[in-house]
Amino acid sequence: MANPLYDTLFGRHAGKSTPFLILPDGTEITHSAFLAMAARIANQLAALGLKPGDRLAAQIAKSPEALALYAACAQTGVVFLPLNTAYTANEVTYFIENSGAALVVCDGGAVEGLAPVAKGLGAQLATLNADGSGSLMDGAAGQGDTYSTADRTKDDLAALLYTSGTTGRSKGAMLSQENLLSNAEVLVDEWRFTDADVLLHCLPIFHTHGLFVATNVTLVAGGAMIFLPKFDVDAVLHHLPRATSMMGVPTFYTRLLDDPRFDKNATQHMRLFTSGSAPLLAETHDRFSARTGHAILERYGMTETNMNTSNPYAGERRAGTVGFALPGVELKICDPATGQEVPQGEVGQLEVRGANVFQGYWQMPEKTAEELREDGFFITGDLGLIDSQGYVQIVGRGKDLIISGGYNIYPKEIELVLDEQPGVLESAVIGVPHPDFGETVVGVLVAAPGQTPDEEAIMAAAGDALARFKHPRRLIVVDELPRNTMGKVQKNILRERYGDLFTGA
Ligand code: MLC
Ligand code: AMP
């Protein structure tokens, strides 16, 4: 039976006693032990009645078992739907409902909030805790170490990853086996990953970067990962000597540069540091080179497209750019109004096409049609240009989006919550520069006539509705919002006005 995703990422490692996961305490999990764990989970999923094409929503801490659940989904043909652990029960409810998940896997601590939701929506519930305990693994413990891999084609769905939108409603990006595999294989070649690589993995595994870029690349190459539960400067410095490579968001690198122990000595054996998910300031790139002698390799991607561009491994890794379109990816810079390509060197909206580009938004054909052209080009919403030597530069965003520490935050989602609060007439949410997170969230409020909004109560309400990373770090009450002649709020004016709130520039 064929299953391209499982066979290429996992099956090829059958019988190998080489280390795959190296845990913080030094314990190693070999490739074959990992596959056996995945097969036990696969048997358990089948025992619960899951079938190929069913969706499995997982809001679980990063652990070897959590990664094995991803492998088990590939082996059973179940569509994996990973969720940010910071999401509130409110947010998760939408994802379960929209995806029609057959099984929800969550931390034991979340059962009270999610059990009634799952029951109401006809989904089963299993638990998987950070230490690998819980009902999922209890069930898997009694299962066999092998599983007859489900037959799948490269066009079958592998994963559903939700991204928010400018209307505030999240959309499930459908990623096929081919979307994931083609990109992982290209990146292995471009970044020269081999089975000798040991990747220091400190990204979360519920997003494209940590799951599909870092993990899939390591799996295709047959290397190992030092698998840390989260990014932490001390832990990174402790484990770095054993690593060959690391992938991160810009915040990882600014935090490391803030620590004097991070220097040439600490990094001399490393062969590669990559950055993405948010813009890496040229200044950070330059400081990093001066301190360590390594040029960070910056690349650009999205949930819907996996990776689109990368700076070269061998050539110049140019600060402030995201390099060239990857092999197999076509990239155009277009006029957002007409969709026509703009002259070379001019700013326009990036559009991309290739085997990496997703299949559309889950059960949202109109949204899909708005962003995915009939000829296969995806409209990214990012603004950029191609310089005279072919390097792509991202210069801004056409979409109203804030990226904080590598997490995407759509202002509309927060504005909808703020607008509902007593004493608030209307709101505008903007992103302003932040020294640690790159950008952070500021809520600008207009009071309802004769009322004074209660900022504490508003923040408490935001806490129930929205994940912590989306919360405004500052609320500002103004008399009115600046608007253009069409009545549209001029967020650029607000961003200018409040741009130095956190940087003091
Ligand atoms: C945590 N907090 C954040 C935050 N992360 N707030 C804003 N933005 C974030 N990114 C909250 C915490 O809940 C905490 O709340 C407070 O901020 C400070 O926490 P911290 O201890 O400083 O944060 P930490 O846990 O260290 O997390 C920061 C981080 C993490 C940068 C390490 O956010 C992270 O791993 N980011 C990576 C995101 C990522 O993988 N993105 C890839 C998306 S895929 P309190 O209550 O204490 O105030 C993609 C495609 C592509 O974009 O191209 O890759
Ligand atoms: P997500 O929807 O979480 O996948 O985030 C994708 C968005 O992150 C892109 O559309 C870009 O706006 C941004 N992004 C990713 N990588 C980079 C980068 N290297 N430089 C600038 N922006 C980036």
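Visitor: In this predicted model, how far is an oxygen atom of ligand 1 from an N or O atom in the side chain of R255?
Guide: R255 belongs to the residues that come nearest to ligand 1, a group that also includes S277, R299, S404 and R468. A polar contact requires a pair of N or O atoms within 3.5 Å. The pair formed by the side chain of R255 and an oxygen atom of ligand 1 has a separation of 2.8 Å.

Visitor: Which elements give two or more residues to the shell around ligand 1?
Guide: The shell has 10 nonpolar, nine polar and five charged residues. Two or more residues come from each of these elements: helix 8 (208–221), helix 10 and strand 13.

Visitor: How is helix 10 oriented relative to helix 12: roughly parallel, roughly perpendicular or oblique?
Guide: Helix 10 covers residues 250–257 and helix 12 covers residues 282–292; their axes lie 10 Å apart. Helix 10 passes helix 12 in a left-handed crossing. The packing angle is about 45°. Angles under 35 degrees count as roughly parallel and those from 65 to 115 as roughly perpendicular, so helix 10 is oblique to helix 12.

Visitor: Which residue places a backbone N or O atom 2.6 Å from an oxygen atom of ligand 2?
Guide: The closest of the 15 residues surrounding ligand 2 are R299, T303, D382, K399 and N408. K399 has a polar side-chain atom 2.7 Å from an oxygen atom of the ligand, and N408 likewise has a polar side-chain atom at 2.7 Å from a ligand oxygen. The backbone atom at 2.6 Å belongs to T303.

Visitor: What share of the accessible area of ligand 2 does the protein cover?
Guide: The area that ligand 2 has on its own is 500 Å². Of this, the protein covers 92%.

Visitor: Which element gives the most residues to the shell around ligand 2?
Guide: By class, this shell divides into six nonpolar, four polar and five charged residues. Five residues of the shell come from one element, spanning residues 297–302. The element that gives the most is strand 13.

Technical notes:
Residues numbered from 1 in each chain as written. Chains lettered and ligands numbered in written order. Predicted model: local features only at pLDDT ≥ 70, side-chain atom pairs only at ≥ 80, totals over all residues. Heavy atoms only, no water. Near = heavy atom within 4 Å. Polar contact = N/O pair within 3.5 Å; in protein donor to acceptor, adjacent residues only side chain to side chain. Areas by Shrake-Rupley, 256 points an atom, 1.4 Å probe, with all protein chains shown as cover. Helix = DSSP H or I, 4+ residues; strand = E, 2+ residues; numbered from the N terminus. Nonpolar A, V, L, I, M, F, W, Y, C, P; charged D, E, K, R; others polar. Axes fitted to C-alpha atoms, helices over the stretch in contact; angles between N-to-C directions. Parallel < 35°, antiparallel > 145°, perpendicular 65-115°, else oblique. Left-handed = near helix turned anticlockwise from the far one by under 90°.
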